[in-house]
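Q: Could you take me through this structure one feature at a time, giving the general idea before the particular case?

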Amino acid sequence: MRASRLISVVLLLQAREAMTAAELARELEVSERTVYRDVLALSAAGVPVYADRGRAGGYRLLGGYRTRLTGLTRDEAEALFLAGLPGPAGDMGLADAVASAELKVLAALPPALRDAPARAGQRFHLDVPGWFRDASPPPRLAELARAVWGDRVVELRYRRGDGEVVRRVEPYGLVLKSGTWYLVARVGDGMRTYRVDRVVDVAPGGGTFDRDEGFDLGGYWHEQAEAFLRSMQRTRIRVRLSPAGLRALRSAPETPFGYAEATAAAGAPDGDGWVVTWLPIESVDVAYDLVLRLGPEVEVLDPPELRGRVAAAAARLAELYGGPGGGREGHERTGDGQR
């Protein structure tokens, strides 16, 4: 554990040039006293680390000192090559850069780990686009990626349902979600999200912008995605669910928050374990499909429109499977053909 931490200290100082004991302690999640002991151990081992005094001080490595990647474990080496899976990087025009970086990392690895890229490639493949979708990247993705890297203001010509609009934006980041690329950009005083496949043209917008270094792209996307999903849950239905029906809500795509909210709103179970609760969902039509899939594990109580549709479907099913002449034999006798 300590050996790994000592390597981390060297790599942090190598990457950031100078860090205080407090900064190192926060990064490594240890006390400052532990940092002092680690620095003394590194100095004793011959690593040229020294301390600068004063307000701008901190620990530094003697100029030009570099460590090779000899401290990597096999798992760490293979994880590096998994991080460079080529699909999304190639879409953004970075395939050559990724390949070059992989070659440099490979050259720095000890001989025993030189098979890491082959092992990772044989065992994992990332196929991002969904089924039945065009796998080619959006035409303007590479241009937007360059603008994101360079903090360059751009003008987008963007296709909407009512035509095209032009927006001057500060591109903060790109997100790949379920095979679709999205641009997160500042427009005026707020952040906006654009589908990259709807960007018709990208033009220079005049210089660069000062990025808000406190902006968290992952956090922003998580909040926006959850808000979008919740905004779709405009309808609430009252249902009675069996234990199996309640468990099935965990994986129901129609209601991403259904299990948690249905469990929280549920009354006390009856003698058979069934509960009555409210379920948020997009629409009555979507609820109808979900209820049919749950089958006998759910009973609709409200709204009456949905209960009536499900009852009619149940009656048709009973006629098909349980009524006189029902089932496959009945269809073969009374269908289009004659047996």
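Q: How are H2 and H3 oriented relative to each other?

A: Two packed helices are described by the angle between their axes and the distance between the axes. This is a predicted model, in which local features need pLDDT of at least 70 and side-chain atom pairs count only at pLDDT 80 or more, while totals for chains, interfaces and linings use all residues. Residues are numbered from 1 along each chain as its sequence is written, and side-chain values use heavy atoms, with hydrogens and water left out. Here H2 and H3 pack at an angle of about 105 degrees with their axes 8 Å apart (axes are lines fitted to C-alpha atoms, for helices over the stretch in contact, and angles run from 0 to 180 degrees between N-to-C directions). H2 and H3 are therefore roughly perpendicular to each other (angles under 35 degrees count as roughly parallel, over 145 as roughly antiparallel, 65 to 115 as roughly perpendicular and the rest as oblique).

Q: Which residues in H2 and H3 meet?

A: Ala21, Ala22, Leu24 and Ala25 of H2 meet Glu32, Val35 and Tyr36 of H3, where contact means heavy atoms within 4.5 Å. The residues of this contact divide into six nonpolar, no polar and one charged (Ala, Val, Leu, Ile, Met, Phe, Trp, Tyr, Cys and Pro count as nonpolar, Asp, Glu, Lys and Arg as charged, and the others, Gly among them, as polar).

Q: At what angle do H1 and H2 pack?

A: Helix H1 (residues 2-16) and helix H2 (residues 21-28) pack at about 125 degrees, with their axes 11 Å apart. That makes H1 oblique to H2. On the H1 side, Arg5, Ser8, Val9, Leu12, Leu13 and Arg16 meet Leu24, Glu27 and Leu28 in H2, and the residues of this contact divide into five nonpolar, one polar and three charged.

Q: Which residues have the most contacts inside the largest nonpolar core?

A: In soluble globular proteins, nonpolar side chains tend to be buried together. A nonpolar core is a set of buried Ala, Val, Leu, Ile, Met, Phe, Trp, Tyr and Cys residues joined through side-chain atoms within 4.5 Å, and buried means under 20% relative accessible area, exposed over 50%, partly exposed in between (1.4 Å probe, protein chains only). The largest core in this model has 21 residues, and those with the most contacts inside it are Ile237, Leu241, Leu249, Leu290 and Leu306. Two or more residues each come from strand E9 (235-241), strand E10 (275-281), helix H12 (284-294), strand E11 (298-302) and helix H13 (304-321), with H12 giving the most, six residues. Leucine 306 touches Ile237, Val284, Ala287, Tyr288 and Val300, if residues up to four places away in sequence are not counted. A second, separate core of 19 residues includes Met92, Leu156, Val169 and Val199.

Q: Where is the residue proline 303 placed, and what joins proline 303 to aspartate 302?

A: Proline 303 lies in the loop between E11 and H13, and the bond joining aspartate 302 and proline 303 is a cis peptide bond with omega of about 10 degrees.

Q: Is glutamate 29 buried or exposed?

A: Glutamate 29 counts as exposed, at 72% relative accessibility. Its place is in the loop between H2 and helix H3 (32-44), and the phi of glutamate 29 is near 60 degrees, a positive value in a residue other than glycine.

Note on methods. Helix = DSSP H or I, 4+ residues; strand = E, 2+ residues; numbered from the N terminus.
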